[in-house]
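Sequence and coordinates come first.

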Amino acid sequence: MTDIAVIGSNMVDLIAYIDKMPKAGETLEADDFAMGCGGKGANQAVAAAKLGADVLMMSRVGEDMFADNTIQNLAQFGVDTRHVRKVPGVSSGVAPIMVDRDSQNRILIIPGANKHLLPADIEAAADDLRQCKLIVLQLEIPLATIYRAIEFGNAENIPVILNPAPATTELDLRYACRCDFFMPNETELEILTGMPVHSLEQIEAAASSLLHRGLKHLVVTLGERGALHMHGDKRTHLVAPAVEAVDTTGAGDAFVGCFAANYIATGDIDSSIQRAVQYASHSVTGRGTQTSYATAAQFDSWLEDVGAER
């Protein structure tokens, strides 16, 4: 069986490293530039694969210069790409990103071919998806496809992780409640609830409002503050190690990919969240998204160096 099916997006990241974010109408010179493969779905697939999971990716690329490179990039990390296919006449997804001197980022998403991953594609891949132990979803593909994937997972008794990123109020929370794990960050939590998230107390209150809707396991990622796991009456705050951040882009995807890989391997939720917090923390110490993700050996070595609890 395949460990994880990631059904989601891929993007070409165009990253500008700048001193400060430009104001409206302002033109600034960037200090550096990098181009790489990204997209929330592809990032999560690569993170899980780098950590040793057997990963199947379902995604769509355009008919352009980026398509073959995206497929080859996934394959080089051991991701099964048989369901990463080209859509004639459209562009691949592109994500211009600005990263400032404080390691904060601003991202613009141009979905391109990602909009063409459709519910019918779930049916076409049904035989392969049935062989998976876990389905991982994000929101950079059509909501109808997300809903069909959730229905498929439920029908086949396959656990589902939904990372509601980028967040939208159009998401039907009835489908979120059919997922085993719902994983927003604090900004996405604010968008989904309309409630403030400036303190841990406010974050817990906003998360509780979602949990009361019927969510099973709610995991809110909190950046340098770690993550909050809520399930029933249980509230667990898992703390992140202190690191010097260079680039926070893709840290949330590192978290989801690492959690998925470790949960499949151990079945232990809180230890998988703790390891995911640490893995995401490590990812911000390097530039880029997938390029900043450690292999299992690199990650274990880093944990020893910083003295983090495993």
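Which residues do ring pairs link into a cluster? They are Y279, Y293, F299 and W302. The model is predicted.

**Aromatic pairs**

The structure holds 7 aromatic pairs. Two of them are set out here.

| Pair | Geometry | Centre to centre | Angle between planes |
|---|---|---|---|
| Y147 and Y175 | stacked | 4.1 Å | 15° |
| Y279 and Y293 | tilted | 6.3 Å | 45° |

The Y147 and Y175 pair links distant parts of the chain. Y147 sits in helix α5 (residues 143–155), and Y175 in helix α6 (residues 173–176). They are 28 residues apart. Both Y147 and Y175 are buried.

The pair of Y279 and Y293 also links distant parts of the chain, 14 residues apart. Y279 belongs to helix α10 (residues 269–283). Y293 lies in the loop between α10 and α11 (296–306). Y279 is buried, and Y293 is buried too.

**A charge over a ring**

One further ring involves Arg. R287 lies over the face of Y17, at 3.9 Å from the ring centre.

**D13**

D13 is part of strand β2 (residues 11–17). Is D13 buried or exposed? D13 is buried, yet has no salt bridge. K40 is the nearest side chain of opposite charge, 9.2 Å away. A salt bridge would need the charged atoms within 4 Å.

What does the side chain of D13 make a polar contact with? The partner is the side chain of T289, at 3.2 Å. Beyond four places away in sequence, D13 touches several residues, including M35, C37, A95, I97 and T289.

Technical notes:
Residues are numbered from 1 along each chain as its sequence is written. This is a predicted model: local features need pLDDT of at least 70, side-chain atom pairs count only at pLDDT 80 or more; totals for chains, interfaces and linings use all residues. Side-chain values use heavy atoms; hydrogens and water are left out. Rings of Phe, Tyr and Trp (its six-membered ring) pair if their centres lie within 6.5 Å; planes under 30 degrees apart count as stacked, over 60 as edge-to-face and the rest as tilted. Helices (H or I, at least four residues) and strands (E, at least two) are DSSP runs, numbered from the N terminus. Buried means under 20% relative accessible area, exposed over 50%, partly exposed in between (1.4 Å probe, protein chains only). A charge sits over a ring if NZ of Lys or CZ of Arg is within 6 Å of the ring centre and within 35 degrees of the ring normal. Lys and Arg count as positive and Asp and Glu as negative; His and the chain ends are not counted. A polar contact is a pair of N or O atoms within 3.5 Å; within protein, one must be able to donate a hydrogen and the other to accept it, and residues adjacent in sequence count only if both atoms are side-chain atoms. Contact means heavy atoms within 4.5 Å.
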